[in-house]
Amino acid sequence: MRLTIVGCSGSYPGPESPASCYLLEADHDGRTWRILLDLGNGALGQLHRYADPLGIDAVFISHLHADHCLDLCGYYVMRKYHPAGPRPRIPVWGPVGTAERMARAYDLPADPGMTEEFAFHEYDSHEYDGGEQGVPIDVGPFRVQATPVVHPVAAFALTVTAGGRTLVYSGDTGPCPALDEAAAGAHLLLAEASFQSAADNPPDLHLTGADCGRTASKAGVERLVLTHVPPWYDAAVAEAEARAEWSGPVELARAGTTYEV
């Protein structure tokens, strides 16, 4: 399984990167399968650098804040009005209400909204209650499980397994046991580090670099990659905080970087 960082800027697109978007690729049955984790604002344009956007097999949205889902609007236009004709529907998985949220974002009537371009599905778990991972979702070689985490809106960590290797993407979350459990034994933990420990941070919203390091340590992951650092912060602070809490490999996500998981 190969991970490409399409966008990693936190809260809004920054000067070096679009907002959140992560491309996963794996070979299976004689071809390469591709899924996206999130499609935040600014990410669709950059996706062209790494893959044909029309060759994506499914999209998984962690939650419905704009920096994680808004470029589904542009993707809708691309698939509906492409000069070669409308593209076949592809599955889009997200929290309850994803189809309605995206219709409103593009000022479309709820029926049909974007349902002629995307086959919307909702994760079986709705809100964070300390519960377990949801029912597995299979797309080609990928098995994806959504785990509710803590955030002001319904939000999910995403566990992706292919070829015996596992990547866990935190989405946006405050520290919580559900994330620790979802990350257990992951080969790569892609964790958001939006906050700094020295700041007066509200609870149940985001992780600090130190939180990411503690999660990596408790979960026994193989590698930690920090993402979603807002442009107003120095990402090196998040990295230093994580290293102080965990002795394993730590890297900062950068747009265009590729990892073999």
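**Briefing: sheet, pocket and backbone features**

Seven strands form an open sheet with mixed pairing, in the order S7-S8-S9-S10-S11-S12-S13. Its edges are strand S7 (137-139) and strand S13 (250-252); each has a single partner strand, so one side of each is left without a neighbour in the sheet. On average, and with direction ignored, neighbouring strands of this sheet are turned by 20° against each other. The model is predicted.

**Pairing and packing in the sheet**

- Strand S8 (residues 142-149) and strand S9 (residues 155-162) run antiparallel and are joined by seven bridges.
- Thr 147 has Ala 157 in S9 as its bridge partner.
- Helix H7 (residues 235-245) packs on the sheet, where it touches strand S12 (224-227) and S13. The direction of H7 makes about 170° with that of S13.

**Largest pocket**

- The volume of the largest pocket is about 320 Å³.
- Its lining comprises 18 residues, and Cys 8, Glu 16, Val 229, Ala 235 and Ala 253 lie nearest the centre.
- By class, the lining residues of the largest pocket are eleven nonpolar, five polar and two charged.

**Backbone features in loops**

- Asp 111 and Pro 112 are joined by a cis peptide bond with omega of about 10°. Pro 112 is placed in the loop between helix H4 (98-105) and strand S6 (118-122).
- The loop between H4 and S6 also holds Asp 107, a residue other than glycine with a positive phi near 55°. Asp 107 has a relative accessible area of 71% and is exposed, the cut-off being over 50%.
- Asp 29, in the loop between strand S2 (21-28) and strand S3 (31-37), is not a glycine, yet has a positive phi of about 55°. With 66% relative accessibility, Asp 29 counts as exposed.

Conventions. Residues are numbered from 1 along each chain as its sequence is written. This is a predicted model: local features need pLDDT of at least 70, side-chain atom pairs count only at pLDDT 80 or more; totals for chains, interfaces and linings use all residues. Side-chain values use heavy atoms; hydrogens and water are left out. Two strands pair if DSSP finds at least two bridges between them. Helices (H or I, at least four residues) and strands (E, at least two) are DSSP runs, numbered from the N terminus. Axes are lines fitted to C-alpha atoms, for helices over the stretch in contact, and angles run from 0 to 180 degrees between N-to-C directions. Contact means heavy atoms within 4.5 Å. On a 1 Å grid over the protein atoms alone, a cavity is a set of points where a 1.4 Å probe fits but cannot get out, and a pocket is an open set with protein on both sides within 12 Å along at least five of seven lines; lining residues have an atom within 4 Å of a point. Grid points are joined across faces, edges and corners, and a volume is the space filled by probe spheres set on the points. Ala, Val, Leu, Ile, Met, Phe, Trp, Tyr, Cys and Pro count as nonpolar, Asp, Glu, Lys and Arg as charged, and the others, Gly among them, as polar. Buried means under 20% relative accessible area, exposed over 50%, partly exposed in between (1.4 Å probe, protein chains only).
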